[in-house]
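User: I am learning how structural terms are assigned, and I would like to go through one protein with you. Please set each value against its definition as we go.

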Amino acid sequence: IPADLFENTSEVTSFKNTFADASSITGAISSKLFSKNLKATSFEGAFKGASSISGAIPADLFKNNIKATSFKSTFEATSAISGSIPENLFANNPEVTSFESTFKGASSISGSIPANLFTNNTKVTSFASTFADTNSISGSIPETLFSTNTAVKSFENTFNGASSISGAIPENLFANNSEAESFAGTFKDASSISGTIPSNLFGNTPNVKSFNEVFSGAENISGS
């Protein structure tokens with residue numbers, strides 16, 4: 001993908017499915033790819049299923065996209081995009097409302113989830129399936145991962161099937177998410193998450209309507 005491909009398209013607002021399912025487009029993503037697209041609001045499905053686009057995600061990829069509202073499925077089902085998730089990947093995107101399925105099924109993205117990955121995204125309402133079905137993203141879940149995301153409504157399937165995320169569930173993981181309404185399938189089939197369920201895990205989530213299958217199939221989560 002040429003680094004200057006969108007350089008003269010400053011009026012664009014959407015990159016929805018731009019490279020989705022592109023099986024023959026190869027090479028790495030340039031950090032300058034979207035640098036001139038200051039009005040872009042949607043990156044939904046931008047690289048979804050793009051099986052031959054490879055290399056690490058540039059830390060500055062969305063640095064200038066301050067109006068972005070959706071990263072739904074941006075890297076979903078990518079198999080060659082690799083390396084760890086940059087700590088400041090979404091640091092300049094304060095208007096984002098959706099991280100639904102952002103990394104779902106991204107089989108080669110690896111390493112731990114940065115603790116402050118979503119710190120500046122205070123308007124997010126959905127983390128549905130964000131890390132679902134990932135098998136290389138590893139390490140434990142940072143306790144402060146969602147600490148500033150006070151508007152979140154859905155944690156449905158957030159870690160569903162995330163087989164390499166391990167360690168215990170932090171007791172204060174959802175301490176600041178009092179608007180949350182759904183935890184359906186949040187930890188379903190998360191086979192490496194272990195330890196006991198903290199007694200106060202949902203102590204500050206009075207608006208929840210669904211806990212359907214929240215721990216279903218999570219074979220290493222224990223407790224009485």
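User: Which residue stands opposite G83 in strand 4?

Analyst: G83 stands opposite I109 in strand 4. This is a predicted model, in which local features need pLDDT of at least 70 and side-chain atom pairs count only at pLDDT 80 or more, while totals for chains, interfaces and linings use all residues. Residues are numbered from 1 along each chain as its sequence is written, and side-chain values use heavy atoms, with hydrogens and water left out.

User: What makes strand 3 and strand 4 a pair?

Analyst: Two strands pair if DSSP finds at least two bridges between them, and two bridges join strand 3 to strand 4 (residues 109-112), which run parallel. Strand 2 is likewise joined to strand 3 (residues 81-84) by two bridges, with G55 opposite I81. Two bridges also join strand 1 to strand 2 (residues 53-56), where the bridge partner of A28 is S54.

User: Why are strand 1 and strand 5 called edge strands?

Analyst: Strand 1 (27-28) and strand 5 (137-138) each pair on one side only, in an open sheet of five strands with the order 1-2-3-4-5 and parallel pairing. In the whole protein there are zero helices and eight strands, where helices (H or I, at least four residues) and strands (E, at least two) are DSSP runs, numbered from the N terminus.

User: How do you know that the radius of gyration agrees with a compact globule?

Analyst: The radius of gyration is taken over C-alpha atoms, and the globule rule is 2.2 Å times the number of residues to the power 0.38. With 224 residues, a compact globule would have a radius near 17 Å, and the protein has 17 Å, so the value agrees. The C-alpha atoms fill a box of roughly 60 × 30 × 25 Å, taken along the principal axes.

User: What makes F34 and F62 a stacked pair?

Analyst: Rings of Phe, Tyr and Trp (its six-membered ring) pair if their centres lie within 6.5 Å, and planes under 30 degrees apart count as stacked, over 60 as edge-to-face and the rest as tilted. By this rule the count comes to 44 aromatic pairs. In the pair of F34 and F62, the centres are 6.0 Å apart and the planes are at 10°, which makes the pair stacked. The pair links distant parts of the chain, with F34 in the loop between strand 1 and strand 2 and F62 in the loop between strand 2 and strand 3, 28 residues apart.

User: Why is F34 called buried?

Analyst: Buried means under 20% relative accessible area, exposed over 50%, and partly exposed in between (1.4 Å probe, protein chains only). F34 has 1% relative accessibility, so F34 counts as buried, and F62 is also buried, with a relative accessible area of 1%.

User: How do you know that N17 is partly exposed, and what is its phi?

Analyst: N17 has 39% relative accessibility and therefore counts as partly exposed. N17 lies in the segment before strand 1 and has a positive phi of about 55° although it is not a glycine. Most residues other than glycine have a negative phi. Phi of D133 is also positive, near 60°, and D133 is found in the loop between strand 4 and strand 5. With a relative accessible area of 42%, D133 is partly exposed.
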